Amino acid sequence: MTTQSPPKTSRLDFNTPAMQRHRAARHFKDHLTRWYVAVGGLGVIVAVLLIFLYLLYEVLPLFGGAEIEERERYSASWVQANDPPLMLAMEEQGEVAIRVARSGQVSFFKAQDGQPVLQQQLPIPAGVEVTSFSVETPNSRRFVVGLSNGQVLIAQHNYKVTYPDDVRLITPSLAFPYGDAPITLDEQGRALSQVAMSSDSDGLVLAASVGRELVGTTVSVTRNLMTGAETRNERALTLEAASGDVRQILIDPLRQWMYVVNGEQYVDVLALRQGGELNGRYRVLEGTGKSVTSASLMLGGISLIIGDSSGGLAQWFMVRGNGNPQLTRVRGFDQQEGNAIALIQPEERRKVFLSLDAEGQLGVYNSTAHNNLLVEPLGGEQVQAFAIGPRADHLLVEHDDGQLSYWDVHNEHPEVSWSSLWGKVWYESYPEPDYVWQSTSATSEFEPKLSLAPLTFGTLKAAFYAMLLATPIAIAAAVYTAYFMAPAMRRKVKPVIELMEALPTVILGFLAGLWLAPLLEDNLPGIVSLLILTPIVFILFAYLWSLAPPKLRQRVPDGWEAALLIPVLIVLGWFCFTMSVYIEAWFFGGDMRVFLTRDMGINFDQRNSLVVGLAMGFAVIPTIFSIAEDAVFSVPRHLTQGSLALGASPWQTLSRVVILTASPGIFSAVMIGMGRAVGETMIVLMATGNTPIMDWNIFEGMRTLSANIAVEMPESEVGSTHYRLLFLAALVLLSFTFLMNTAAELIRQRLRKKYASL
Amino acid sequence: MKQGNFTTWFKSGAPWIWMNGGAVAIAVIMTLGLLAMIAVRGLSHFWPADVVEAEYTIPGQPAITLIGEVTTREQVPTERLHSAGLPVDPEKTEFMERELLKVGNRDLNGADFRWIVADWLTDERYPEDIVVVERREWGNFYGYVQQVKQDGKVIAEGDQAWQALQPAVDRALEIYSDIHALETGAIGKINSQLERIRLRERGLELDNALTPELQAELDAERKVQHDLYAELETQLVGLYREFNRDSVHLRSMDGREVDVSLGKIVRVFRPNAMGVGAKIGHYFSKLWEFVSDEPREANTEGGVFPAIFGTVMMVLLMSIIVTPFGVLAAVYLREYAKQGVVTRTIRIAVNNLAGVPSIVYGVFGLGFFIYLLGGSIDQLFFPEALPSPTLGTGGMLWASLTLALLTVPVVIVATEEGLTRIPRSLREGSLALGATKSETLWKVILPMSSPAMMTGLILAVARAAGEVAPLMLVGVVKLAPTLPVNGNYPYLHLDQKFMHLGFHIYDVGFQSPNVEAARPLVYATALLLVGVIAALNFAAVSIRNHLREKYKALEN
């Protein structure tokens, strides 16, 4: 054609400007598409992988320790020499602080620069000196001073916040809740060497020591409901004298126990509810040469922290064993370098305490998590007193040279440590260490119990029972469908199984919780007998079928056996349910549930693991089925044909050739099914009681990680430890399923390669 | 037959084959049985069952008259009844039949349902003049119509009462729809206008730009709206007066008499007097109410329209988001990226993300989308609405985005599969003819793989429609006052929370105070959801098969 008309070709010029422009435009479009696709595609992939990073970003702060940072250091002009501080404290915002000095001078000042706000003198009678001092609890803001004439004075520091001109103004004041006249504690007027108090709206307990002797008073206040007038009822306590010099007295806020640190190594515990009777003398330090140097109660007043001269810190509390409560050592901490502990301060809202040693090093500890968050020198001179703000975000320190320093504290998540998440923890008021998940409570003194162990256990338990049901059924069904089933039937069965996979889990959960659980409770013998009888009846039917006249047998083509079993199963199911009540009446006295609980001692919850196993098994069967079926089906035909040609029976071929070849594929199917069972949320949420218990009992429920997230996430405060822990739970789930799936995928890929080479 | 025979038969392996077959039978029965049960329970709920009246005598107590629908019958061991404190003798009979009777009248009886022992029920009869009254509160009423009153005066009594009741109820229902239209339409609009004025004022205040003139302008606008509202309010008061004009005097099974305002009645009917035709009509009208109406009585009665709407809209939005991105990623992975270890790793990672628990996506959506992204957007663009969050709280947009993220692996995998199935020869043919890579992509590859994308999308939609766990964290609520699309500016409210069928099932089934009464409705909702998802899945399967056929033809 072209040779016939050479002039035409010459006219066809591909290099006209228009063509060039066209080509350039095409080239440009090509490039544009390339970039567009590359950027867009990579963007999507990055966005998807962002999930990992974001979860990690939310979780990581949990594992950081505490940090402190010095902001200011100043010397305040109003601090008098030779007038050491008895107490430092800050109000909520960390803006205004209070210092109580031995001379009875109370100064309120700006915590950041020491500017005085208010100065006041405690109304101490003339010629009397302050001989002892104690703070009730940091959050009651009350303190008591013991005087040299055997009297005590109780005071409280208050702060009022106002907003004139939209600027925050904090006005401090000093109040005397029991009047500004001192209360006499020691009738003989001796100087009180140690003093302690505990109070609430109903009354007050005061205790003090004179040498080894203890004096105490309880004051109960009764209010007339009509007039509002108060009547005070004072009663002296008779307290047993201590066995050594009293170093410190502590009374818990519930006024149940009084702890007297006496001598070098002993603590006497007095039961205040029994009028101050001695509960016991406990040796709190072992070994010679050590002595108790400081002690303090933790938030809530249950735990006692004892610091000793070798830098050891230990938490003790009263454990109610079989008989009398005993003061028990729960856990110990060590300050670095073994310097004596000089001061211990509990935080106001968390189970955190701070300790200062003789070298001026600050240690921050969490009792529940049993971890040391920080040990850091406060710099310069030794420390006389320090205070941590109520929000635990500021620290105020008075040094030996009279200088004050103001620090920022970052310690957001002290409650988390490896041991508190995964180990047994001895919680306050518990008789022994245990795994507990209990994240929130109404009171602020609550000790958060953040063990992920029961949740992980619940997750595995639910997955285990689900897999117990699903694995055999799914694999057997997959093998049969892929290997024995007639193609026509296979075309009908596969969509049914696919439909099974598409059923929303919320529907399965709903049915499990509201239909299956009550059904199971009422027909427990029926269900159990159905589970046991099904395989037996299958075999029995198969045997009878093999005995049936050949004419009848030949009517059913090969590969349709499963269809025959459907009516058999339906009849069996009907039979079992009808018999259920009779079995119950004959063997279990009419009520199997009662029988289980009373005679067998097995707890029975209506929404239990059996329900979850059945429902979640249902959800997992199709997942395992489709992958396993695929693996069995793609076993090269020549292998099976070879085996059959050599005279092996179909079953021998299946069990010795097909399953063996396909076993990695079947294994990966089980892994993917496991991944699904572990992450499933709605079914476990609806079909279990969601109680975080650790027990393999099939008739009890559980709480899984995923259900826990669904239940607690909406109420969790953003950025709190609880919130981040739920993110950690999500991350655990994500990593677990991701690893499972990746492993399964790798196995499958290898299998595919193997088939290809066969 | 001899024992030896069984042993040989057993050793041949045949029983194991049968056992395998049995597993298939179990799986099939489980699935089909489950679907059948949902269908039967869900669909039977709308059927007007006959109402029985009978004398019920617990031995040792005076007889009482019961009126109600029998919902369940079952055999229980007498022992169990005995331990429940009923005067039965376990020695005499081993089993007794008991029935669950829906007696309604929750305002009088305290509970809708009552278990009774069938043997103690005597003189069962089905009087034609028993009426069932569906009410907006306190559930159904079963009993007899005594009088119809207008403004407290009796206008019809006895036999005439039923004749007079039906038109009066229809009239009240008409007024109800007027009131509803007024409240959600005009008054809703005024409220939204007032809110916008408030936000504008606050915005100006924040910018320190609220001059007295502007303030006056805003106040004037506000006044216009308030006047409009006052006008509508008088209209509404009038409608309400008309609405509550009539009442009906009813007698319950135990002879107690109550007056029920017609304004509280949704429907009255006499099931025992209905023929099959009338019952079928009633059935379909109830079915229509179910799919088209709003829920009543803490979601235990009425319809699920807002939930259907929310589900569909969220899924649509998700599809719009997920399709382009999923396809883009698949095209990149298959056509542009260098096929090596990295691409393989990414492919496996993406594949596996489809198996990550959905709750994890919910957590991510809550933390990243809502608190981080939504919170920042609120700070930047909606400071006037703070502290109440606009996008910093769960809503339609974030739910769709979360689900898009959840389903993007599905779309990627399906599209990639479609891309792999396109024969190499086609690609090479196109390139050989001088087409650039992008032209090949746009004109050959993408059109040919479009059925695969459709499959991916449909599978994604089916998965998204059934997911509930992540949605619980990112914006689904049990009752949303308005639809996400309405007549108020800006018409499409993507920041709004919404209702969802799956969550509806969870909420009504598990959080509802009256689970027993709500259960049939939950079955119906479940059936609806299963229907939608099954249809989507079958569509995906048939498209996939069609696609495979098509390329088989091309390969040869």
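Is the crossing of α11(B) and α13(B) left-handed or right-handed? The crossing is right-handed. A crossing counts as right-handed if the near helix is turned clockwise from the far one by less than a right angle, and as left-handed if anticlockwise.

This is a predicted model: local features need pLDDT of at least 70, side-chain atom pairs count only at pLDDT 80 or more, and totals for chains, interfaces and linings use all residues. Residues are numbered from 1 along each chain as its sequence is written, while chains are lettered from A and ligands numbered from 1 in the order in which they are written.

**Helix pair in chain B**

- Helix α11 spans residues 396–421 of chain B, and helix α13 spans residues 437–466. Helices are DSSP runs of H or I with at least four residues, strands are runs of E with at least two, and both are numbered from the N terminus.
- The two axes come within 8 Å and cross at roughly 145°. Axes are lines fitted to C-alpha atoms, for helices over the stretch in contact, and angles run from 0 to 180 degrees between N-to-C directions.
- On the α11(B) side, the contact includes B:Leu403, B:Val410 and B:Glu417. On the α13(B) side, B:Ile445, B:Met453 and B:Arg463 are among them. Contact means that C-beta atoms, placed from the backbone, lie within 7 Å.
- By class, this contact has 14 nonpolar, six polar and two charged residues. Ala, Val, Leu, Ile, Met, Phe, Trp, Tyr, Cys and Pro count as nonpolar, Asp, Glu, Lys and Arg as charged, and the others, Gly among them, as polar.

**Sheet in chain A**

- Four strands form an open antiparallel sheet in the order β11-β12-β13-β14. Strands pair if DSSP finds at least two bridges between them.
- The edge strands are β11 (194–200) and β14 (230–238), each pairing on one side only.
- Neighbouring strands are turned by 15° against each other on average, direction ignored.
- Eight bridges join β12 (residues 203–210) to β13 (residues 213–223). One bridge pairs A:Ser209 with A:Leu214 in β13(A).

**Interface of chains A and B**

- 88 residues of chain A contact 83 residues of chain B.
- Helix α2 (residues 17–59) gives the largest share of the chain A side, 18 residues.
- By class, that side has 61 nonpolar, 16 polar and 11 charged residues.

**Annotated spans**

- An unreviewed UniProt entry places "domain: ABC transmembrane type-1" at residues 308–540 of chain B. That span is 75% helix and 0% strand, with its end C-alpha atoms 21 Å apart.
- The "transmembrane region" feature, also from an unreviewed UniProt entry, includes residues 723–744 of chain A. Residues 723–744 are 100% helix, with end C-alpha atoms 32 Å apart.
- UniProt positions follow the numbering used here, feature names are shortened, and annotations may be inferred rather than shown by experiment.

Note on methods: Two residues are in contact if their C-beta atoms, placed from the backbone, lie within 7 Å.
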